[in-house]
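Subject: Model for your review

Hello,

Here is the structure for you to look over. My notes come after it.

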Amino acid sequence: MAPAEPTDAGKRKSSVSPHSFTSGTQKALFRLARGTCYFPNCTREILTFASGEPLVDVQISHIAAAERGGPRFDSSMTDEERRSIDNLILLCQAHHNLVDKVRPDAFASDELRRWKSDNEDPGLR
């Protein structure tokens with residue numbers, strides 16, 4: 001593994017991509033979810049079947065952006081924190097586009113964290 005590089009804030013930059021979710025993080029996120037997109041009142045299910053094959057019908061979205069310049073980027077977070085389960089939610093493609101591309105300024109990190117709390121089973125944490 002390459003050594004970490006210093007950042008302009010003096011912190012060490014992780015050599016791990018904030019887009020590289022571990023298998024365990026992905027599985028835990030899908031297990032904690034209550035079966036649908038986290039956007040309020042969206043009924044799009046996480047899993048669908050096409051021609052008898054199970055297909056994931058949501059995308060993993062960052063609450064605070066993975067990259068500088070992205071929606072809700074938080075420079076105080078490390079790359080490890082950006083890719084952690086606490087910074088991830090599940091959104092259907094339409095809501096992922098709305099939240100991150102069409103109207104990113106309309107959705108604050110605190111609001112997305114509420115969606116996360118409302119859509120994850122607290123008994124599993």
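This is a predicted model: local features need pLDDT of at least 70, side-chain atom pairs count only at pLDDT 80 or more; totals for chains, interfaces and linings use all residues.

Residues are numbered from 1 along each chain as its sequence is written, and side-chain values use heavy atoms, with hydrogens and water left out.

Helix 3 spans residues 93-102 (helices are DSSP runs of H or I, at least four residues, and strands runs of E, at least two, numbered from the N terminus). In helix 3, H95, H96, L98, V99 and D100 are buried (under 20% relative accessible area, with exposed over 50% and partly exposed in between; 1.4 Å probe, protein chains only). These buried residues fall within an arc of 165° seen down the helix axis, so they line one face (the arc is that of the directions from the axis to the C-beta atoms). Q93, A94, K101 and V102, on the other side, are exposed.

The second largest pocket holds about 210 Å³ of space. H19, H62, P71, H96 and D100 are the closest to its centre among the 13 lining residues. Helix 3 gives the most to this lining, with four residues.

D100 belongs to helix 3. Its side chain makes a polar contact with the side chain of R72 at 2.6 Å (N or O atoms within 3.5 Å; within protein, one must be able to donate a hydrogen and the other to accept it, and residues adjacent in sequence count only if both atoms are side-chain atoms).

Regards

Note on methods
On a 1 Å grid over the protein atoms alone, a cavity is a set of points where a 1.4 Å probe fits but cannot get out, and a pocket is an open set with protein on both sides within 12 Å along at least five of seven lines; lining residues have an atom within 4 Å of a point. Grid points are joined across faces, edges and corners, and a volume is the space filled by probe spheres set on the points.
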